[in-house]
Amino acid sequence: MELLDLFNKKYGDIRVEGLDSKYLPFLKLKSYLDEYFPDKVSLGKSFLGNEIYELKIGSGKTKILAWSQMHGNESTGTRAILDVFEFLKLNENWSKFILESISFHFIPMLNPDGSTLFTRRNAAGIDLNRDFLQEASPEIRLLKSYVQKHQPYFLFNLHDQRTIFNVGNTAKPATLSFLAPSADDNRLETESRIQSMAVIDYMVKGLEKIIPGCLARFSDEFYPTSTGDNFMKMGFPCILFEAGHYPHDYQRDHVRKYNALSILLALEKICSHDLSDKGNYDQIPQNNKKFLDIILRNVLVRSNDSESLLDIGIYLDERLDLDSQEILFCSRIEEIGDLSNYFGHIDIDKKGKIYVGKSSMFPIIGDLADFSVGTIHFETGKFNG
Ligand SMILES: [Zn+2]
C-alpha cells in the first residue's frame with residue numbers, strides 16, 4: 001500500500017494519546033518515555049541537569065538523526081516523531097522495508113529546561129540555534145559531539161514557526177515550511193544541499209495532495225552561527241522543518257499530523273537513494289509574513305476633536321500559566337492603520353463601528369487588547385468573541 005493511503009488509514013490508530021497540548025514539559029515527556037521506551041539512552045544532561053535522551057528504531061545501514069525542541073516552546077516536532085515511531089512499528093510492508101533500510105535516531109527534546117519553562121532559549125538564556133560556534137550551552141555541545149561521533153547520513157532539525165507566516169502572496173497559512181540551509185553566503189548548491197532539496201521536493205509533492213497551497217520554503221539566507229547551516233557546511237545533508245499554523249489549530253495538533261507525514265515521506269525518499277535531482281525545489285513558494293491572528297477592519301476611532309477609520313491588527317502572545325500548566329493566548333495590538341496588505345486568521349470588517357477602549361481612548365501598539373468594537377470584546381488581552 002502506498003504511504004499516503006496507509007497513513008490516512010492508520011494514523012488515527014497509532015496517534016499517541018495525551019500529547020494534544022502545545023505545552024510539552026520535560027517531566028511529561030519523561031513519564032511517556034519511561035513507560036513506552038524503556039531502552040531509551042541518556043546522552044547527557046542539560047544546563048539544569050535534565051536528561052537528554054535518544055530513541056532508536058530500525059536496523060538498516062542508513063543512519064538518520066532527528067532532533068526536536070532545541071527551542072523549548074516548539075513541541076510539534078517532538079509529538080510528530082513520537083507518532084512516527086508508532087507508525088514505523090506497524091507490521092506493514094511499507095514500514096518493514098523502511099526499518100530494514102534505515103536506522104532512525106531521535107533526540108526528542110534537546111532543550112528540556114526551555115521546554116519546561118516554555119521558552120525558546122535554554123535556562124541560561126542561550127538560543128541553541130545560534131550557539132553552534134561558541135558552544136556555550138551543554139545542549140549544543142552534546143548535539144555536535146553526537147553528530148561527529150556517529151556521522152549520520154541525514155539530519156532533520158525540527159522547529160515551530162509563528163502564526164504570521166503565509167505562503168507566497170496567498171492568504172494560505174504556511175502550515176509546513178522547509179529549508180535546505182545554505183552552507184555559505186553565496187548559497188551554493190553543494191551536493192548535500194541538493195540532496196536536502198530533493199527530499200523537500202518529494203515531501204512537498206506528497207503533502208500538496210493533503211494540504212494544497214499550505215507549503216512553503218523558508219529563507220535560505222546564510223546564518224553563520226546556526227545549526228543547520230553549519231552542519232551543511234560540514235557536509236551533512238540537513239533539513240529544517242518548520243511546523244506552522246493551520247486554521248483554528250493553536251495547539252498545533254492538526255499540524256502535528258502533517259508534520260509526522262512529512263517525516264515519513266522524507267524517510268521514504270531517503271530510502272530510494274535517488275537524491276541527485278532537486279526537482280521543483282526552487283518553485284516552492286517562499287514564506288512570507290502577511291498574517292496577523294486577528295484583524296478588525298474599518299474601526300472608527302474618535303478623539304474629542306477628530307476621528308479616524310482604521311484597521312487594528314492583533315497578535316496572540318503565548319504565555320505559560322503556572323497554575324493551570326496551560327498556555328494562555330494574550331491578544332496584543334501589533335499594528336494599526338491600513339492593513340489591506342495583511343490577512344487575518346480571524347478577519348472581520350467592522351464597517352465603521354466605534355472603538356470603545358477600557359484603559360485608553362485609542363488603540364496603542366504593544367498594549368494588551370482591552371476594548372470593544374460592536375460585538376467584539378477584549379478584556380486585558382482576553383478575546384471574548
Ligand atoms: Zn525554532
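**From one residue pair to the whole fold**

In this predicted model, leucine 176 has alanine 243 of β9 as its bridge partner. That pair belongs to an antiparallel pairing in which four bridges connect strand β7 (residues 176–179) with strand β9 (residues 238–243). Strands of a sheet pair through backbone hydrogen bonds, in either a parallel or an antiparallel manner.

The pairing of β7 with β9 forms part of an open sheet of eight strands, whose order is β1-β2-β4-β3-β5-β9-β7-β8 and whose pairing is mixed. At the edges stand β1 (41–45) and β8 (215–217), each of which pairs on one side only. From one strand to the next, the twist averages 20°. Helix α3 (residues 76–88) packs on this sheet, where it touches β2 (51–57), β3 (62–68), β4 (102–107), β5 (154–160) and β9. The direction of helix α3 makes about 145° with that of β3.

A further open sheet is formed by four strands in the order β13-β12-β11-β14, again with mixed pairing. Its edge strands, β13 (326–337) and β14 (343–349), each pair on one side only. Here the twist averages 30° from one strand to the next. Within this sheet, strand β11 (residues 291–302) and strand β12 (residues 307–321) run antiparallel and are joined by seven bridges. Leucine 296 stands opposite isoleucine 312 in β12.

The chain is assigned to two domains, namely domain 1 (3–288) and domain 2 (292–383). Their centres, taken over C-alpha atoms, are separated by 34 Å. Where the domains meet, eleven residues of domain 1 are in contact with nine residues of domain 2. On the domain 1 side, the touching residues comprise six nonpolar, four polar and one charged.

Taken as a whole, the protein contains nine helices and 18 strands. Buried residues account for 44% of its 385 residues. Of the contacts with a separation of 6 or more, 75% involve residues 24 or more positions apart. Along the principal axes, the C-alpha atoms fill a box of roughly 75 × 45 × 45 Å.

How does the radius of gyration of the protein relate to that of a compact globule, and what is the basis of the comparison? Because a compact globule of 385 residues would have a radius of gyration near 21 Å, the 22 Å of the protein agrees with that expectation.

Key. Residues numbered from 1 in each chain as written. Predicted model: local features only at pLDDT ≥ 70, side-chain atom pairs only at ≥ 80, totals over all residues. Helix = DSSP H or I, 4+ residues; strand = E, 2+ residues; numbered from the N terminus. Rg over C-alpha atoms; globule rule 2.2 N^0.38 Å. Buried ≥ 20, exposed ≤ 12 C-beta atoms within 10 Å, placed from the backbone. Contact = placed C-beta atoms within 7 Å. Domains from an automatic or database assignment. Nonpolar A, V, L, I, M, F, W, Y, C, P; charged D, E, K, R; others polar. Pairing = 2+ DSSP bridges. Axes fitted to C-alpha atoms, helices over the stretch in contact; angles between N-to-C directions.
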